[in-house]
Amino acid sequence: MTMLVRDANPGDATSIAALHARSWRASYASFVPPEVLGAPLEANMRTRWDVWPAGRLILLAEQAGDVLGFVAAERGGVPIVDNLHVDPGMRGGGIGERLLRHIAARLRDEGVSELRLYVLEGNTDARRFYRRLGGQEETAADDTLLGSPVRMVPMHWSGAAFVDLASDFDCQAGKDA
């Protein structure tokens, strides 16, 4: 079966919120107290996705109607990917890379030439993934995640690194990945 990457829409909010919560539980359990990954996380995700975030670019990966992952970027001077999540049971199959490359290509087509995201300092697998795709680490800073103190590392793509990230795909919404 072919994975489809398409623009997400408000009708996808419930599926995105559920995947978002599953991904946070799998990815952030060692960074926040376990009690915040239960009901507080569910409430956070419902609130976050109850109102569709206008003006953001949100792409969804799906196969046979099942949501496999999503990526979202805040547009602006230097767009920030503020979410890149893949269903925990589907990780390692290239979905995250395809989503990141798709959103970079879409932003490139809008005239963007650089991209940024923030990753937990202790999330060494994610940091290695982003470096493999050309992301340059910048100085870590203190932040909070679900009320818990964490350190975040900015990852930045510009120049040749951004061109390389965005160049693998001629992305248009609804095209097969």
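Start by selecting helix α1 (residues 13-28) and helix α2 (residues 39-50), which pack at an angle of about 145° with their axes 9 Å apart. Helices (H or I, at least four residues) and strands (E, at least two) are DSSP runs numbered from the N terminus. Axes are lines fitted to C-alpha atoms, for helices over the stretch in contact, and angles run from 0 to 180 degrees between N-to-C directions. This is a predicted model, in which local features need pLDDT of at least 70 and side-chain atom pairs count only at pLDDT 80 or more, while totals for chains, interfaces and linings use all residues. Residues are numbered from 1 along each chain as its sequence is written, and side-chain values use heavy atoms, with hydrogens and water left out.

Stay on this helix pair. Show side chains for A13, I16, A17, H20, A21, W24 and R25 of α1, which meet L41, E42, M45, R48 and W49 of α2; contact means heavy atoms within 4.5 Å. By class, this contact has eight nonpolar, one polar and three charged residues. Ala, Val, Leu, Ile, Met, Phe, Trp, Tyr, Cys and Pro count as nonpolar, Asp, Glu, Lys and Arg as charged, and the others, Gly among them, as polar.

Rings of Phe, Tyr and Trp (its six-membered ring) pair if their centres lie within 6.5 Å; planes under 30 degrees apart count as stacked, over 60 as edge-to-face and the rest as tilted. The count comes to five aromatic pairs by this rule.

One of them is Y130 with W157, an edge-to-face pair at 6.0 Å centre to centre with 85° between the planes. Y130 lies in helix α4 (residues 124-132) and W157 in strand β8 (residues 148-158), so the pair ties together parts that are 27 residues apart in sequence. Y130 and W157 are both buried (under 20% relative accessible area; exposed is over 50%, partly exposed in between, with a 1.4 Å probe and protein chains only).

While at α4, select R127, which lies in this helix. R127 also counts as buried, at 16% relative accessibility. Leaving aside residues up to four places away in sequence, R127 touches V119, L120, E121, E137, V153 and M155.

Next, select strand β3 (residues 66-74), where seven of the nine residues are buried. Strand β2 (residues 57-63) runs antiparallel to β3 and is joined to it by seven bridges; two strands pair if DSSP finds at least two bridges between them. Q63 stands opposite D66 in β3. On its other pairing, β3 meets strand β4 (residues 80-86) in the antiparallel sense over six bridges. Here E74 stands opposite I80 in β4, and a hairpin of five residues joins β3 to β4.

Go back to the hairpin of β2 and β3, which has two residues between the strands. A64 is in that loop and has a positive phi of about 50° although it is not a glycine. A64 is exposed, with a relative accessible area of 60%.

Finish at L146, in the loop between β7 (141-145) and β8. L146 likewise has a positive phi of about 50° without being a glycine. With a relative accessible area of 23%, L146 is partly exposed.
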